[in-house]
Amino acid sequence: MPRLFLPQDTLNVIDRNQIDNFHLKLNKFPRFDNEKFSFYKTEKGKTIYNDVEGFSFNNLNFDKLANNILSSSKLLFPNFNHIENLDIDWRIAIGLGTESVYETSISLHPIYGFPYIPGQAVKGITRSWVIQEYFNSNEKDAYKNSTFCHLFGCPKESILGKEFQGSLVFFDAYPIEKPNLKIDVMNPHYSPYYSDNSNTKPPADYYNPVPIFFITVENTKYQFIIGINFKHNLNGQIGEISGSLFELGTKFLIDALTQKGIGAKTATGYGYFKKR
């Protein structure tokens, strides 16, 4: 049976099966099984344990949480927008490669425990989308556009001639309903080749694939919020698209989520949103 590396007095008072915070259960009470930490195991087609799928999140009121975030956003930025008409097209994998005791990871809120999308990731894919779509993937060309610099910020070597912090603020994206967690799997076929330091093993098809499980989210609605101060909401233009910084930011965010995707494995269909 899998072991838990915890003090015995802790194990005596806490029943792992009763933990209602997914972040706490997954990362602070991990199972140690067969020389590695694991959250999912099967044998001969039978599930031995699954710590992910079916997690209830019953201790959280997502409607109330979403309304609280909106109220806070309004206080910080009277000029703000929240986008709720986007649904996950299939599945998303956020934070797959971040540090973890497992082989893979997922971004979980440190207090509430649900899977969320960090604001820096939302800003990053929006910025990347604009550079790719309007500046032919050339970041230096983007720095020659003052609207881009006012939206996302830029270094000293830009059209503004100084380091500049972007005016558009991207909030963390939280689910507005109970998240639906799903286990997915990667099957690397050439593990001996990748781990061979002697450079003698070929990437051959006769190696046995080694399944690596990871956690995704599907069929879950997220709330995306952006904000800007009135005094910073200038008019600008990128390509043939013009409008206020706030209008441009909203458009670029929706375009990035629906056409570029966010998180890991977007090349294989993960991370895309669709308009409802």
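Entry 1. I began with K144, which counts as exposed at 59% relative accessibility. Here buried means under 20% relative accessible area, exposed over 50%, and partly exposed in between (1.4 Å probe, protein chains only).

A note on the source: this is a predicted model, where local features need pLDDT of at least 70 and side-chain atom pairs count only at pLDDT 80 or more, while totals for chains, interfaces and linings use all residues. Residues are numbered from 1 along each chain as its sequence is written, and side-chain values use heavy atoms, with hydrogens and water left out.

Entry 2. I looked up the partner of K144 and found D141, in a salt bridge with 3.5 Å between the closest N and O atoms. The term stands for a side-chain nitrogen of Lys or Arg within 4 Å of a carboxyl oxygen of Asp or Glu. D141 is partly exposed, at 31%.

Entry 3. How many salt bridges does this rule give? I get 11.

Entry 4. Next came K41 and E43, whose side chains form a salt bridge at 3.5 Å, N to O. K41 is partly exposed at 23% relative accessibility, and E43 is partly exposed at 43%.

Entry 5. Are D51 and R31 buried or exposed? Both are buried. Their salt bridge has its closest N and O atoms 2.8 Å apart. D51 sits in the loop between β4 (46-50) and α3 (62-76) and R31 in strand β1 (residues 31-33), so the pair ties together parts 20 residues apart in sequence. Helices (H or I, at least four residues) and strands (E, at least two) are DSSP runs, numbered from the N terminus.

Entry 6. I then followed the network of salt bridges that links R31 and D51 with R16.
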